[in-house]
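Trainee: I am new to this structure and would like a close look at a single part of it. Could you take me through it step by step, and then show me what surrounds it?

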Protein chains: 2
Amino acid sequence: MANVIGIDIGGQSAKLGLVTPDGQIIGQCVVSSLQNSIDEFLSVLTEAIMNLSAKSTAPVTGIGIGVPNGNYHRGTVEYAPNLKWAYVDGKPAVINLAHLISEKTGIPVRLTNDANAAAMGEMTYGIAKGMKDFIMITLGTGVGSGIVIDGKIVYGHDGFAGELGHVCIVPDGRKCNCGLNGCLETYCSATGVARTTRELLVSDSRDSSLRKYDIDTISAKEVFNAAKEGDALAIDIFKYTGRLLGRAMADFIKFSAPQAIVLFGGLSKAHELFHDDMVKAMNDNLLKVWQNKVQVLYSSLKESDAAILGASALAW
Amino acid sequence: MANVIGIDIGGQSAKLGLVTPDGQIIGQCVVSSLQNSIDEFLSVLTEAIMNLSAKSTAPVTGIGIGVPNGNYHRGTVEYAPNLKWAYVDGKPAVINLAHLISEKTGIPVRLTNDANAAAMGEMTYGIAKGMKDFIMITLGTGVGSGIVIDGKIVYGHDGFAGELGHVCIVPDGRKCNCGLNGCLETYCSATGVARTTRELLVSDSRDSSLRKYDIDTISAKEVFNAAKEGDALAIDIFKYTGRLLGRAMADFIKFSAPQAIVLFGGLSKAHELFHDDMVKAMNDNLLKVWQNKVQVLYSSLKESDAAILGASALAW
């Protein structure tokens, strides 16, 4: 008998889970991922791994990691704009993360893109159980994606497939951290909602409870709360977000014709505020063969369990 | 020993080839596909199949077909806007083409999307030989695509994957035959080039040899000839087409991270006029991990041989 550790690394924090062979998470911890250097991040993460391992009654034989811009083939994190510890000389760099962690812990490490890990978790234990063709879209600080075709994660020629957060949905649109313009993630992530809010508070003259916040630091959470209390401007922000996301989803369907699109991540918890507009925009932008046929589902796994479980599947 | 027949059905014509087990096309013929009913089309196609079969020294044991909107799983052509014989009551309908041809000829029939057939041909006999991850884009009357991931054609949940010609590249852009707006095919096909020309002849006041043509019937071929003779307006039309296509290709790469994009079809023969702008736009719109790394190739197979050979591969 043995256990593994699954790790879900995001822009704000890293969540670790000790996982049994039958997919039970028997221990968890969360650490910050806001460090400004790989050495600091490694030190924090390694300590957490060691603490969690110490709780395991069976040997920990592997570590699986889901991380933005993670490369399955190479074990690297490459040019991740949202991970400050992955910057070198002020610019996103290539970090040989699997190797570094393995060296520090003595445990073999596999890693993949965070959204691929979530898709694996959802396919193995969650809402997409039994599905062979689906697309997982993670709506968090950024937008990630994991694409499953014929029962397998799509890695592509170089291991980087599934960067749907950086598909252009508004030509010459908002500047993205990645350097491009008009990326899906600049509109349909938590930070995208905040950007839309900042734009609308300037261009729209309607009264709104959102005007009491500092325009430069307003967050999606505050917009969510305002919308829930009936603020018309806040409601429109989520409807706009839904329409853009739905149009993007329609284009993804034209690529791989999935059975379902599974939404996941912080912003997806606000789906009651954008679901209808998103699904309508999706169907309005689909060819007749797909209209009203592609399911839109939400992750059924608790919090970051999908990513932790998916990452753990890499470690076996 | 046995032979098969590979058929490439397009908006203007159907090309048939008698193919040996080692991939030699030993007989060919072309018939019109402009008929207005399935009965007329079937009658013409069946006669051509029978004539070609009669030339075979070995029994013809199968027919493989590449056709726009072809469904591999169901053997149907579904809602094909560019095939007039596939309309019922003035609207694109579902035609059980594989079954109908098999019934008339007594030969088993398999079919797929025309671009998938071309991709299979290119992967088996052409420029993509040995590649496991590539995207084939056919630039003809419309725009089609065949996506190969890990050595296999992507069919998706319902058999319709790979409709990249209908991805939206200009939100609220040109009306497409499919009913949507801003589809890649309304800009980057032969008909798209003609539409760009019509728009530019109105909005751009420059002198141009294109002004001698009837604006309503001008074709991509005439624009090509003018560009080759140095007409500045005609040259700009191809550069514009290239920029839009390159931007779209960048988004496709974000999905499946292919080793190469292979271009095919009538318009691709004009590539000297748009290649540089297309490749620049593609790289300008790619994440750093892919910049200057994805090959752009052109079909190496003669005329419609790729589609005929690919379709024939279905029949074995």
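This is a predicted model: local features need pLDDT of at least 70, side-chain atom pairs count only at pLDDT 80 or more; totals for chains, interfaces and linings use all residues.

Mentor: Strand 6 of chain A covers residues 76–78, and two bridges join it to strand 9 of chain A, with the two strands running antiparallel. They belong to an open sheet of three strands in chain A, whose order is 5-6-9 and whose pairing is antiparallel. At the edges you will find strand 5 (70–71) and strand 9 (94–95) of chain A, each of which pairs on one side only.

Now for the helices of chain A. Helix 1 (residues 38–54) and helix 2 (residues 97–105) of chain A have axes that come within 10 Å and cross at roughly 50 degrees. The two helices of chain A, helix 1 and helix 2, are therefore oblique to each other, and their crossing is right-handed. On the side of helix 1 of chain A, the contact is made by A:Ile38, A:Phe41, A:Leu42, A:Leu45, A:Thr46, A:Ile49 and A:Met50. Helix 2 of chain A brings A:Leu97, A:Leu100, A:Ile101, A:Lys104 and A:Thr105 to the contact. Sorted by class, the residues of this contact between helix 1 and helix 2 of chain A are nine nonpolar, two polar and one charged.

Helix 3 (residues 114–125) and helix 8 (residues 305–315) of chain A pack at about 90 degrees, and their axes are 6 Å apart. That angle makes helix 3 of chain A roughly perpendicular to helix 8 of chain A. Helix 3 of chain A takes part through A:Ala117, A:Ala118, A:Met120, A:Gly121, A:Glu122 and A:Tyr125. Across from them, helix 8 of chain A supplies A:Ala306, A:Ala307, A:Leu309, A:Gly310, A:Ala311, A:Ala313 and A:Leu314. The contact of helix 3 with helix 8 of chain A has 10 nonpolar residues, two polar and one charged.

What about the other chain? The same surface serves both copies, with 100% of the contact residues of chain B recurring in chain A.

In chain B, let us turn to another sheet. This open sheet has five strands in the order 3-2-1-4-10 of chain B, and its pairing is mixed. Strand 3 and strand 10 (109–112) of chain B are at its edges with a single partner strand each, so one side of each has no neighbour in the sheet. From one strand to the next, the twist averages 20 degrees.

You can follow both senses of pairing here. Strand 2 (residues 13–19) and strand 3 (residues 25–32) of chain B pair in the antiparallel sense over seven bridges, and B:Lys15 stands opposite B:Val30 in strand 3 of chain B. Their hairpin has five residues between the strands, and B:Gly23 takes a positive phi near 85 degrees there. Strand 4 (residues 60–66) of chain B, by contrast, pairs with strand 10 of chain B in the parallel sense over four bridges. In that pairing, B:Gly66 stands opposite B:Thr112 in strand 10 of chain B.

Helices meet this sheet too. Helix 1 (residues 38–54) of chain B packs on the sheet and touches strand 1 (3–9), strand 2, strand 3 and strand 4 of chain B. The direction of helix 1 of chain B makes about 160 degrees with that of strand 3 of chain B. Helix 3 (residues 114–125) of chain B lies across strand 1, strand 4 and strand 10 of chain B, and runs at about 100 degrees to strand 10 of chain B.

Conventions: Residues are numbered from 1 along each chain as its sequence is written. Chains are lettered from A and ligands numbered from 1 in the order in which they are written. Side-chain values use heavy atoms; hydrogens and water are left out. Axes are lines fitted to C-alpha atoms, for helices over the stretch in contact, and angles run from 0 to 180 degrees between N-to-C directions. Angles under 35 degrees count as roughly parallel, over 145 as roughly antiparallel, 65 to 115 as roughly perpendicular and the rest as oblique. A crossing is left-handed if the near helix is turned anticlockwise from the far one by less than a right angle, and right-handed if clockwise. Contact means heavy atoms within 4.5 Å. Ala, Val, Leu, Ile, Met, Phe, Trp, Tyr, Cys and Pro count as nonpolar, Asp, Glu, Lys and Arg as charged, and the others, Gly among them, as polar. Two strands pair if DSSP finds at least two bridges between them.
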